[in-house]
Amino acid sequence: MTQEQDFSDASGKARSAEPPRLVILEPDAGIAEVLVAFGEAHGWKCCVYRDDGALTGALCDGPEPVLLLIDADLIHMDCSGALSAIAAFDRPMRLRFATGVNGAHVVTASLMARARDLSVGPSLMKPFSPEAINLMLDREREELGRI
């Protein structure tokens, strides 16, 4: 069952009755599958990408708010280019970075995203606990409602 939420802009006008999208950039199919299951259980419309090449297409499609959950280890080599491409989109968006390997990649990606005026939530370390995923999805839905 999908929950729909009315997201309003600063003037109070409804932007979209569509549920927010959870765009997952994750190379590990098992982790991505778990994230999708949690996302769908929380009423998110989910899609998964294994690399940042197809990410641009995902962000072009639709006006609804987007939460990007990005494995920072995937984009660390071209973090600046990937984040510049993400920042070019004019839609309600939040980012969360995750890693299981190198915390420095998460810190770097978060700082670079904030430097581009992107809205970035707290980072996640793998493995995720169910409580951490549930809390993140609830908080990010609230944050997207404010953007």
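**Exercise 1.** Which residues are exposed on the other side of H5?

*Solution.* The model is predicted: local features need pLDDT of at least 70, side-chain atom pairs count only at pLDDT 80 or more, and totals for chains, interfaces and linings use all residues. Residues are numbered from 1 along each chain as its sequence is written, and side-chain values use heavy atoms, without hydrogens and water.

Step 1. Helices (H or I, at least four residues) and strands (E, at least two) are DSSP runs, numbered from the N terminus.

Step 2. Buried means under 20% relative accessible area, exposed over 50%, and partly exposed in between (1.4 Å probe, protein chains only).

Step 3. His105, Val106, Ala109, Ser110 and Ala113 of H5 are buried. Seen down the axis of H5, these buried residues fall within an arc of 125 degrees, so they line one face of the helix. The arc is taken from the directions from the helix axis to the C-beta atoms.

Step 4. On the other side of H5, Leu111 and Ala115 are exposed.

**Exercise 2.** Give the strand order of the open sheet and name its edge strands.

*Solution.* Two strands pair if DSSP finds at least two bridges between them. The five strands have the order S4-S3-S5-S6-S7, with parallel pairing. Strand S4 (45-49) and strand S7 (124-125) are the edges, since each pairs on one side only. Five bridges join S3 (residues 21-25) to S4; leucine 25 has tyrosine 49 in S4 as its bridge partner.
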